[in-house]
Amino acid sequence: MFDMDEEAARNSLDLAFYMSNILETGLDRHTLSLLVALCELGLNPEALAALVKEVRRENTSSLPTPNV
């Protein structure tokens with residue numbers, strides 16, 4: 001099964017994902033896991049949040065506009 005560290009990490013990610021859903025961030029579990037791992041490696045969480053916002057903004061602006 002899981003050792004205590006793996007179980008604690010899974011529980012922490014579950015809680016973070018639950019909070020993410022309450023805050024309606026739109027992050028899936030995998031993306032949230034990657035962002036948490038980057039924070040644990042020492043990356044600045046505010047810089048990561050700005051990066052996510054920028055990527056979303058670029059993706060939204062590159063979508064074709066529907067012909068109505």
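This is a predicted model: local features need pLDDT of at least 70, side-chain atom pairs count only at pLDDT 80 or more; totals for chains, interfaces and linings use all residues.
Student: How many helices and strands does the chain have, and what counts as one?

Tutor: The chain has 3 helices and 0 strands, and its elements run α-α-α from the N terminus on. Helices (H or I, at least four residues) and strands (E, at least two) are DSSP runs, numbered from the N terminus.

Student: How do you know that the span of helix α1 agrees with its number of residues?

Tutor: The expected span of a helix is 1.5 Å times one less than its number of residues. Helix α1 covers residues 4-22, that is 19 residues, and should therefore span 27 Å. Its end C-alpha atoms are 27 Å apart, so the two values agree.

Student: Why is Ser20 called buried?

Tutor: A residue is buried under 20% relative accessible area, exposed over 50%, and partly exposed in between (1.4 Å probe, protein chains only). Ser20, which is placed in helix α1, has a relative accessible area of 5% and is therefore buried. Across the chain, buried residues make up 10% of the 68 residues.

Student: Which residues does Ser20 touch, and what is a contact?

Tutor: Contact means heavy atoms within 4.5 Å. Leaving aside residues up to four places away in sequence, Ser20 touches Thr25, Leu27 and Leu32.

Student: What makes the buried residues of α1 lie on the same side of that helix?

Tutor: The buried residues of α1 are Leu13, Phe17 and Ser20. They cover an arc of only 60° around the axis, so they are on the same side of α1; the arc is that of the directions from the helix axis to the C-beta atoms. These buried residues pack against α2 (29-40). The face turned away from the buried side carries the exposed residues Met4, Tyr18 and Ile22.

Student: Why is Ala16 called partly exposed rather than buried?

Tutor: Ala16, found in helix α1, has a relative accessible area of 21% and is therefore partly exposed.

Student: How is the packing of α1 and α2 described?

Tutor: Two packed helices are described by the angle between their axes and the distance between the axes. Axes are lines fitted to C-alpha atoms, for helices over the stretch in contact, and angles run from 0 to 180 degrees between N-to-C directions. The axes of α1 and α2 come within 10 Å and cross at roughly 115°. In the contact, Leu13, Asp14, Ala16, Phe17 and Ser20 of α1 meet Arg29, Leu32 and Ser33 of α2. By class, this contact has 4 nonpolar, 2 polar and 2 charged residues. Ala, Val, Leu, Ile, Met, Phe, Trp, Tyr, Cys and Pro count as nonpolar, Asp, Glu, Lys and Arg as charged, and the others, Gly among them, as polar.

Student: What residues form the contact of α2 with α3, and of which classes are they?

Tutor: Leu35, Leu38 and Cys39 in α2 meet Pro45, Leu48 and Val52 in α3. They divide into 6 nonpolar, no polar and no charged residues. Helix α3 (residues 45-61) packs with α2 at an angle of about 145°, their axes being 10 Å apart.

Student: What places Ala49 in its accessibility class?

Tutor: Ala49 lies in helix α3, and its relative accessibility of 38% makes it partly exposed. The C-alpha atoms of Ala49 and Leu35 are 8.9 Å apart.

Student: Is Glu24 buried or exposed, and what marks its phi?

Tutor: Glu24 is found in the loop between α1 and α2. Its relative accessible area is 71%, and Glu24 is therefore exposed. Its phi is near 55°, a positive value in a residue other than glycine.

Note on methods. Residues are numbered from 1 along each chain as its sequence is written. Side-chain values use heavy atoms; hydrogens and water are left out.
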